[in-house]
Amino acid sequence: MQAFDIIIVGGGPGGTTAAQILARAGKSVALVEKTHLGGTCLNCGCIPTKMLLGAVAPLALLHAQQRTRVAKGDITVDFTALQTRVSRFTRGTSQTLGKNLGSLGVTVFEGRGEALAAGAIRVHADTSHTDLTAQHIILSCGSSSASFPGLTPDHDCVLDSTDLLHIQSVPESLVIVGAGAIGLELGDFFSAMGSKVTIVEAAPHVAPLEDADIAAELRRALQKGGITCHEGARAKDLRTNDGQAQLTLDDGTVITAAKALVAVGRTPNTAGLRAEQLGCSLNRRGYVETDGCLQAAPNVCAIGDVNGLVLLAHAAEHQAVYVANRILGNCQHEYQSGPVPSCVYGATEVMRVGQTAEALLREGKRVEVSQAPLSLNPIAQASGGTSGFVKVVWSEGRIAGIAAVGAGVSHLVMVALLLIRGGYTAQNLHEVMFAHPTLDEIVPMAITAPKTSVTLP
């Protein structure tokens, strides 16, 4: 067996962040990755989807100016060239990440990690294996696209998100099951590229993690852009039939399209890990259970998607910094994420930091909201993206969450985060100087707007 101070299983954002911190501190680190460094985020998630959306962003800007009758023209996106650019960028970035890890002294093992016993991991690579031991083990093996009976990709016409990212040509039509971030962003891109897109969501509204008013504004924008949305519609069966994707809903409605995307969530990569051999427990959905210090067993921590707390790349990185510093003895307190920022990207974006009004109401909290429309902002007016609003959620006299929907609102995420963390209210907001003119200015307008009490529908 090869001995290390720390073994990290999974080379995504969480695993590579922890590896770099620990290696810089002089620890011997083994990093086990079965597919490609950078994980889902870099290779088939956050980064490639944003590169796709970045390519079609000028279309949305031009259309906005055309509506104001001050510009006209056409923009053509070369899909093949775009795919090549995305592939080169992600491959090159993954290779650079590997070189950086190597320069720090991290030993990277390519293969699938399997727990043997406390402190021991076996790396399976093709027909051989390597056994590793360490005092500390970090599980950061991420998640994969989920599927359900009757909604399983066949990789022919019924695809998962990785399949769709590598598709050779833009499909004439696309039906998407699931209106979370993945489904919404890919739907936005392929609609901009000319596909006839239909989105089906079983929850009462698209963007099911957001408040209903945010979702309603997003749905309006999607439909205005030519995307058909079916909300509260449960998918019963999805299959390839006669060279097309055929989706049957519970009410008997049948939707056909050239391709279908199954985007019904994520599932943890714990199959075959045998985490129980390390003393870990899995919940009923397969996620590794952790305590307040992200510890899953003595000297074993689980970070990122695999623990199921927050399935976002930046959450994995944040947890990685905490766990690495805890191993180094630099902190003893329990993990605190603070308000979590999240965004959905596209021609119309959704941003939220902190809690939703609905979640607080279900906890029995008294909730008020204040908001301001983007139409009041000069930068929104300049870009032609005046639809949408910023919403502030209040509870117990403090800001519990800030959300926004509209063009470019993802750029407000850090402003919102810092204002919440700073405990700002209308009474002390004057302490912060906002540059003018900026989109940021709409946030203090929403904070100082009149508050309205809200209740559950």
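Colleague: What stands opposite Val9 in β6?
Modeller: Leu139 does. Keep in mind this is a predicted model, where local features need pLDDT of at least 70, side-chain atom pairs count only at pLDDT 80 or more, and totals for chains, interfaces and linings use all residues. Residues are numbered from 1 along each chain as its sequence is written, and side-chain values use heavy atoms, with hydrogens and water left out.

Colleague: OK, how many bridges pair β1 with β6, and in which sense?
Modeller: Seven, in the parallel sense, between β1 (residues 2-9) and β6 (residues 128-139). Strands are DSSP E runs of at least two residues, helices H or I runs of at least four, both numbered from the N terminus; two strands pair if DSSP finds at least two bridges between them.

Colleague: And what is the bridge partner of Ile7 in β2?
Modeller: Ala30. β2 covers residues 29-33 and runs parallel to β1, with four bridges joining them.
The chain gets from β1 to β2 through helix α1 (residues 13-24), in a right-handed β-α-β crossover (clockwise from the first strand over the helix to the second, with the strands pointing away from the viewer).

Colleague: Switching topic, how many aromatic pairs are there in the whole structure?
Modeller: Five, counting Phe, Tyr and Trp (six-membered ring) with centres within 6.5 Å; planes under 30 degrees apart are stacked, over 60 edge-to-face, the rest tilted.
Phe189 and Phe190 make an edge-to-face pair, because their planes sit at 80 degrees, with ring centres 4.9 Å apart.

Colleague: Which residues do ring pairs link into a cluster with Phe189?
Modeller: Phe79 and Phe190. Phe189 and Phe190 are both buried (under 20% relative accessible area, 1.4 Å probe, protein chains only).

Note on methods. Buried means under 20% relative accessible area, exposed over 50%, partly exposed in between (1.4 Å probe, protein chains only).
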